[in-house]
Amino acid sequence: EDGYDLWLRYAPAGQARGTDISAHARAISAQGDSATMASAKQELQRAVTSMTGHAPALTTEPTAGSLWLATPGSAPAIPVSLKGLGAEGYAIRSIDHAGQPITLIAANSDIGILHGIFHWLRLAQTGASLDGLDIRSAPRIGLRLLNHWDNLDGTVERGYAGQSIWDWWRLPDYKGPRYTDYARANASIGINGTVLNNVNAKAESLSAPYIAKAAALADIFRPYGIKVYLSVKWTAPMELDGLKTADPLDPKVAAWWKAKTDEIYRAIPDFGGFLVKANSEGQPGPQDYQRTHADGANMLAAAVKLHGGIVMWRAFVYAHDNPDDRAKQAYDDFKPLDGKFADNVMVQVKNGAIDFQPREPFHPLFGAMTKTPLMMEFQITKEYLGQSTHLTYLGPLFKETLDADTYAKGKGSTIAKIIDGSLDGHRLTGIAGVANIGIDRDWSGSIFNQADWYAFGRLAWNPDLSAEAIAREWTAMTFSPDPRLIDPVVAMMMGSREAAVDYMTPLGLAHLMATGHHYGPAPWVSELARPEWNPVYYHKADADGIGFDRTKSGSNAISQYAPAIARRLADPATTPESELLWFHHLPWDYRLKSGETLWDGLVHRYDRGVAYVAGMQRTWESLRPLVDPERFAQTEAFLAIQHREAQWWRDASIAYFQSINHLPLPEGAQAPAHDLNWYKARSFPYAPGHN
Ligand code: BDP
């Protein structure tokens with residue numbers, strides 16, 4: 001049990017349950033023989049055999065106790081309506097077919113069938129009833145993509161699970177089995193696209209040899225309903241073919257992109273399109289030629305349009321020469337461009353306005369660009385949340401953003417409704433997750449990090465699912481459906497993200513991580529070239545108080561939100577305490593709702609975070625008899641690391657803030673183990689994931 005099988009372990013189900021599963025999967029009946037249908041049948045056979053010890057028969061006509069896979073193309077008279085299921089959805093129904101009980105899995109397409117069989121396998125694996133099924137499911141969001149920040153040299157930016165799974169060197173000739181397992185895992189949670197290379201892109205990824213390599217991957221992923229996309233470097237025409245400029249309005253530049261796009265589509269006929277990081281953190285872009293993001297996006301959009309492709313243009317921008325609050329800059333740049341983008345462009349916006357912090361208020365562009373389809377960008381890889389060793393389940397973080405109410409069109413204008421297109425009537429809809437996948441046997445750097453990949457996919461399919469329900473499914477499939485295990489593991493997962501917020505950046509603090517690799521605490525850093533790279537820029541602690549004033553008296557970032565929200569955020573008393581210091585600079589003796597001072601409350605939260613991790617260690621220890629030794633030991637070791645590091649975060653932060661406010665610790669709180677200089681001296685320049 002090294003974690004390679006992810007949530008597709010298909011562990012032996014035990015006598016009674018095995019018999020039950022067998023009875024519902026005596027045979028797999030299907031007429032189609034596409035590669036997709038073949039994968040669906042194979043998956044079922046492998047799973048049912050592994051869970052029950054009995055291989056189901058393969059038939060073309062449905063027979064008693066069979067799983068009947070039917071599309072209008074393969075089986076004309078399907079006794080269930082397929083309306084509203086679209087090209088990817090499915091229906092699962094227990095039916096009586098000519099006097100025989102069978103389970104029908106029906107869809108408009110073979111891809112829908114594949115999604116349907118994975119749903120049925122989820123039921124089988126989690127111990128759910130397989131009788132009386134009447135399920136209909138279709139994705140709420142059209143494009144459900146992973147973004148790989150994988151470099152052509154095999155490293156992964158912000159990757160904590162080893163090198164890239166793309167073996168660029170040996171592609172396209174050698175296509176290892178991992179690519180298929182990757183596709184299976186993604187198809188099982190409904191992911192339908194993957195951007196292969198880092199947003200900090202190299203021009204070479206668009207050269208002929210790399211197009212051939214991408215095409216080889218696209219061929220493997222196609223039967224699983226997964227399209228390939230590429231990140232592009234804006235100056236590729238100059239770097240690859242010696243053009244004098246990359247000005248998007250120069251006809252030669254447009255012609256180059258058109259020809260390049262045609263070349264890609266010849267190799268990959270269903271190529272998805274381009275992802276662009278432009279004029280951001282040193283990347284070139286249209287602004288270098290006094291053009292706008294829309295000028296750039298639209299030029300590319302024209303090139304892919306005829307082929308049905310799209311452009312995903314990232315809104316993650318902040319300029320080195322802009323003295324204004326970094327949190328405001330994306331809005332200031334993009335809001336005026338609303339309505340100016342071509343209809344096959346999506347603007348891809350991170351969940352928060354800074355950068356994937358343990359907690360951020362939602363990005364103010366959500367709700368502000370009603371004429372442009374906005375794509376959500378979450379980070380599945382935990383750059384700022386403990387990377388591979390900390391157990392911090394991201395389901396609650398994703399949900400917090402999806403459920404956030406923008407009030408853009410009055411109460412109930414949630415972000416989920418913006419990105420699924422329903423609020424503003426967009427048909428092009430999407431969500432992206434920065435992948436946490438690498439060559440490690442367990443794919444994600446830890447067993448529990450697999451849950452974040454899983455949760456992302458499930459929420460992309462249906463943002464209304466609860467983080468807890470997803471954690472339950474994942475735990476049942478990854479470990480076992482035994483309630484003695486599920487209940488404590490899920491409880492542990494559900495509070496884990498809040499615990500990280502507590503021990504790293506409580507009460508709305510943000511970006512206090514060490515330089516470059518963003519791992520441990522370094523709230524003291526103040527000497528980096530750009531002000532907004534320094535933690536002191538974010539916490540603004542001084543003898544009198546702490547926090548970033550984003551109200552009228554400060555940067556007025558709150559004015560970027562809908563009036564109903566801005567009003568609430570204008571006053572610390574009506575600002576959620578979880579976001580307090582994000583929006584306000586407050587005196588150390590400010591009274592929290594609990595009655596304690598801000599300083600005492602801060603210290604208590606650090607302590608609460610550390611205590612939560614100790615609690616997870618106890619819970620995990622109690623589960624020793626229920627978990628296989630290999631995976632038990634990994635989590636046990638990682639929790640010990642997490643506990644040590646939570647304590648480090650707490651102590652370093654307290655030592656630093658105390659050096660500024662000179663306040664005593666609240667009654668009963670332990671003094672940090674070392675003095676501030678000890679924490680400042682800790683460095684680890686070779687941390688992974690940072691180039
Ligand atoms: C930040 C990362 C950096 C990425 C950047 C981005 O630190 O490595 O390149 O975001 O999203 O989170 O472009």
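The structure is a predicted model, in which local features need pLDDT of at least 70 and side-chain atom pairs count only at pLDDT 80 or more, while totals for chains, interfaces and linings use all residues. Residues are numbered from 1 along each chain as its sequence is written. The protein chain is divided into domain 1 (15-137), domain 2 (143-478) and domain 3 (502-548 + 585-681), with bounds that come from an automatic or database domain assignment. Taken over C-alpha atoms, the centres of domain 1 and domain 3 are separated by 50 Å.

**The six-stranded sheet**

- An open sheet of six strands shows mixed pairing and has the order E2-E1-E3-E5-E4-E6; its edge strands, each pairing on one side only, are E2 (57-59) and E6 (134-137).
- From one strand to the next, the twist averages 25 degrees, where axes are lines fitted to C-alpha atoms, for helices over the stretch in contact, and angles run from 0 to 180 degrees between N-to-C directions.
- Strands (E, at least two residues) and helices (H or I, at least four) are DSSP runs numbered from the N terminus, and two strands pair if DSSP finds at least two bridges between them.
- Strand E3 (residues 66-70) pairs with strand E5 (residues 100-106) in the parallel sense over four bridges, and within this pairing Trp-68 stands opposite Leu-104 in E5.
- Helix H3 (residues 110-126) packs on the sheet, where it touches E3, strand E4 (90-97), E5 and E6, and its direction makes about 70 degrees with that of E4.

- Strand E13 (residues 374-379) is mostly covered, with six of its six residues buried, a residue being buried if 20 or more other C-beta atoms lie within 10 Å of its own, exposed if 12 or fewer, and partly exposed in between, with C-beta atoms placed from the backbone.
- On one side of E13 the buried residues are Leu-374, Met-376 and Phe-378, and on the other they are Met-375, Glu-377 and Gln-379.
- Strand E12 (residues 345-350) runs parallel to E13 and is joined to it by four bridges, with Lys-350 opposite Glu-377.
- Strand E14 (residues 430-434) also pairs with E13 in the parallel sense, over five bridges, and Ile-431 in E14 is the bridge partner of Met-376.

**Residues around the ligand**

- The residues around the ligand are Glu-157, Arg-158, Val-199, Asn-200, Lys-277, Phe-316, Asp-355, Phe-356 and Glu-383, each counted if its C-beta atom, placed from the backbone, lies within 6 Å of the molecule.
- By class, this shell has three nonpolar, one polar and five charged residues, where Ala, Val, Leu, Ile, Met, Phe, Trp, Tyr, Cys and Pro count as nonpolar, Asp, Glu, Lys and Arg as charged, and the others, Gly among them, as polar.

**Ile-268**

- Ile-268 lies in the loop between helix H7 (251-267) and strand E10 (273-276), and it counts as buried because it has 24 C-beta neighbours inside 10 Å.
- Leaving aside neighbours within four places in sequence, Ile-268 is in contact with Ala-214, Ala-215, Ala-218 and Val-228, contact meaning that the C-beta atoms of two residues, placed from the backbone, lie within 7 Å.

**Backbone geometry**

- Most residues other than glycine have a negative phi, and most peptide bonds are trans.
- The peptide bond from Leu-171 to Pro-172 is cis, with omega near 0 degrees, and Pro-172 is placed in the loop between strand E7 (143-147) and helix H4 (178-188).
- Ala-98, in the loop between E4 and E5, has a positive phi of about 50 degrees although it is not a glycine.
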